[in-house]
Amino acid sequence: MFVPVLLLLLALCARGGQGEESVKKQSLGHVSVVIVGGTGDLAKKYLWQGFFQLYLNQVNSGSTFSFYAGGQSPPDKATPIFFNIVKAVSCTKDVSEQRCAVVKEQFLRLAQYRQLKTLEDYQDLSKHIEQQVQEEGLTEAGRLFYLSVPAFAYADIADKVNVSCRPASGGWLRVVLEKPFGHDLRSAQVLAAQLGNSLQDEEMYRIDHYLGKQVVSKILPFRVENRKFLDPIWNKHHIERIEIVLKETLDVKGRIPFYDQYGVIRDVIQNHLTEVMALLTMRLPANLSSSEEVLQKKLQIFSSLLPLGKNQAVTGQYQAYKAEVQQELNMTQDHVSITPTFAAVLVHMDAAQYDGIPILLLSGKMLDERVGYARVLFKNDVFCVQDHHSLHCKPKQIVFYFGHGSLQYPAVLVTKNLFKPSVIEGEWKEVTQQADVNVLGLPISDYFVQTPKVQHEAYAELISHIFAGHKNSFISTENLLASWGLWTPLLQSLAGSFPRIYPGGADNGDLLDIRLKGKEISFTSDVVIISPDQIGGASANGFQVMQGKYRNATMVSAWAEELVERLAADIQEAAEAAVLHGGVFHLALSGGATPIALFQRLALHHFSFPWRNTHFWMVDERCVPHTDPESNFYNLHQHLLQHVHVPYYNIHPMPVQLHQRLCVEDDDAARLYQEDISKEVNASRFHFVLLGVGHDGHTASLFPGVKASNQEESLVVLTESPMKPHQRMSLTLSAINRAQKVALLVMGKSKHELITQMSRSKDDPKKWPVTGVRPSDGMLAWYIDYDALLG
């Protein structure tokens, strides 16, 4: 029989503070809690304890509860298992034994197991809830569904909940989702779309238990409370680097079927550590209690993060992992997994406040200790002449210490040579009596230390937030997709890379030590790497860059990443030669998606490129505003120009918009661009022209069968594309063929048929405009990746 919260126990259970605060924020009434997967490992370890803690805190709030464990098994089999789980819940130390026993007994009477397999099962549950509420004469406040199940089941369960289990009479619905939320951008988009068909974004609570850790949830309040100290130093002039670290001593035994598909970056870095990075670097919201503002400030961070590629990460795998995979996945002895169990990633931001500050995200299994922290290390300009142990000469740092390690408890630590942080009355206190331990190279006595008065488990914290409807500590759809947008290109670039093998624990020594150099990261030590042929598998890394001939011109071919690396090096070589000879380098670039990887390579790795002496010209442009994402100049600016120091007067976008009109012949924009070229470029002869090739053989915006007027006499013309937007502006073959060097970049399997056809075709610029590219007194080189060349 259904039993409401024991109002008779109010005297015994009276509790102020947190419970009373929640009442003010939470509408009263009956709340039904359903854990789908309620007898699983996560529910057993954390969830039922968390919901018992919620019940304990809310028992005198005026709300009533019922709790349901949902599962696939029939009730006669699952009910005994379920009750053994809930009998194991416990009270915190501040609760008396008598009170704990009474509340725990009541909690057990309010909990039951129900089979939730079919739509009918969910319909029956909904009817049951409605009947219970009606019998007790209660008002239904809402229903909370916690999906502690694999992600592939989310969409189906969300649909069943939407169709059959929404509360009537305006009650709220909250559906909690456990990570992983996809394994890359595409899968996350698909999952978000599927869930969006059943649930509204405000009804979904994507849970990252790291955001429930008390120190993590303290980061923003700490920054606000100490704003007068932090505002002057929270920038590139004072911060040396930021480190966000999660080290574990455990292996992955028992989790291999999941872990081998995901690896350390997806499992920990893309979510936990990225969220901590956002909290450390986001602009402070005016109102910390505004979930919408906090989430929007987080979202803004992703637009300022520089792209991540292979040179921004190092990976490793502990030695025993291979055998664990073979055993748990029932693989043969020759099976090799390249899933990383260790990764260190170097992140940089394109923001004035943080420009140049390295942000290191690091996590791994089978390391020397279990510890998690975020450290902000500041520059120290003091040199002690005699006493090198003086506090003034020691590192200046703020450490958000998540727990474990040498300190053993969660804390915020500020070195005494920085400032004494504020201690706001409430849930935190200053630690005055400290054990003799070292934290990140300094004795604990060198720090001001703050810690929670009472330690709370992360899931219990987040469950209380869900009940109160606070979304600050959860992942919105926009933030999720923005995060995957950052991490997916890195994961793709690492897909064929073999991680460094490390023995595990203390035996790792310096094998995983890393070096940060500019915007790149690498291991400090050289080790013997087993080659792909030695372990019986072919790899992209097994092929070197090769040179040959294509259509009687020079051909450079390699896998995509190596090809882009070679092309970028060739462009820099041409730039340095031109600047040495004449003090200036004129570079004309095509649009489209193909050169984006090249732009990113140049921005991230070519710091010695003579940017200040380089003039940027466009090979072609769509007749759209330069702020339109379809604009070729927009892509060039987004992926290259805004990341390097180029004088604005060296940048020459095509003038497709004059007099608030787009490519109107009367505006004579093509002639104006031609005059600019004639004025700035010696003999109108570019040093380097980069072209692409379309599937129909077009290059620049010169299309088959379309003859632009005055192409032979002019350098720049208006053309028509068969695809939208139709109007284009383009350099002519005459302008292209004057160049000292022309590079044709062709990438992707979709171009294989084109490359094959053109290898057999004669020069016919009307049918294949690209065959008209024949520099009169210069060099032509084709850069073709293996996918396009070999299919």
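Buried means under 20% relative accessible area, exposed over 50%, and partly exposed in between, with a 1.4 Å probe and protein chains only. This is a predicted model, in which local features need pLDDT of at least 70 and side-chain atom pairs count only at pLDDT 80 or more, while totals for chains, interfaces and linings use all residues. Residues are numbered from 1 along each chain as its sequence is written, and side-chain values use heavy atoms, with hydrogens and water left out.

**Exercise 1. Helix α21**

Find which residues of helix α21 (residues 752-760) are buried, and where they lie around the axis.

Solution. Helices (H or I, at least four residues) and strands (E, at least two) are DSSP runs numbered from the N terminus. Step one: in α21, the buried residues include L754, I755 and M758. Step two: take the arc, that is, the arc of the directions from the helix axis to the C-beta atoms. These residues cover an arc of only 95 degrees, so they sit on the same side of α21. An α-helix has 3.6 residues a turn, so residues three or four places apart point the same way. Step three: the face turned away from the buried side carries the exposed residues E753 and R760. Step four: list the cover, where contact means heavy atoms within 4.5 Å. The elements over the buried residues include β22 (546-550), β33 (741-746), β34 (779-785) and α22 (786-790).

**Exercise 2. Strand β2**

Determine how many residues of strand β2 (residues 64-71) are buried, and which strand pairs with β2 in the parallel sense.

Solution. Step one: 8 of the 8 residues of β2 are buried. Step two: sort them by direction. T64, S66, Y68 and G70 point one way, F65, F67, A69 and G71 the other way. In a regular strand the side chains alternate between the two faces of the sheet. Step three: find the partner, given that two strands pair if DSSP finds at least two bridges between them. Strand β1 (residues 30-36) pairs with β2 in the parallel sense over 7 bridges, and V31 stands opposite F65.

**Exercise 3. Salt bridges**

State how many salt bridges a search of the whole structure finds, then describe the ones between D41 and K45 and between E225 and K218.

Solution. A salt bridge is a side-chain nitrogen of Lys or Arg within 4 Å of a carboxyl oxygen of Asp or Glu. Step one: the search finds 25. Step two: D41 and K45 meet at 3.4 Å, N to O. Both lie in helix α3 (residues 41-58), 4 residues apart, about one turn of the helix; K45 is exposed at 52% relative accessibility. Step three: E225 and K218 meet at 3.1 Å, N to O. E225 is partly exposed at 23%, whereas K218 is buried at 7%.

**Exercise 4. Nonpolar cores**

Identify the residues that touch the most other members of the largest nonpolar core.

Solution. A nonpolar core is a set of buried Ala, Val, Leu, Ile, Met, Phe, Trp, Tyr and Cys residues joined through side-chain atoms within 4.5 Å. Step one: the largest has 116 residues, and F145, L280, F400, L413 and W487 touch the most other members. Step two: helix α11 (residues 256-281) gives the most to this core, with 11 residues. Step three: another core, of 76 residues, lies apart from it and includes F616, L640, L641 and V773.
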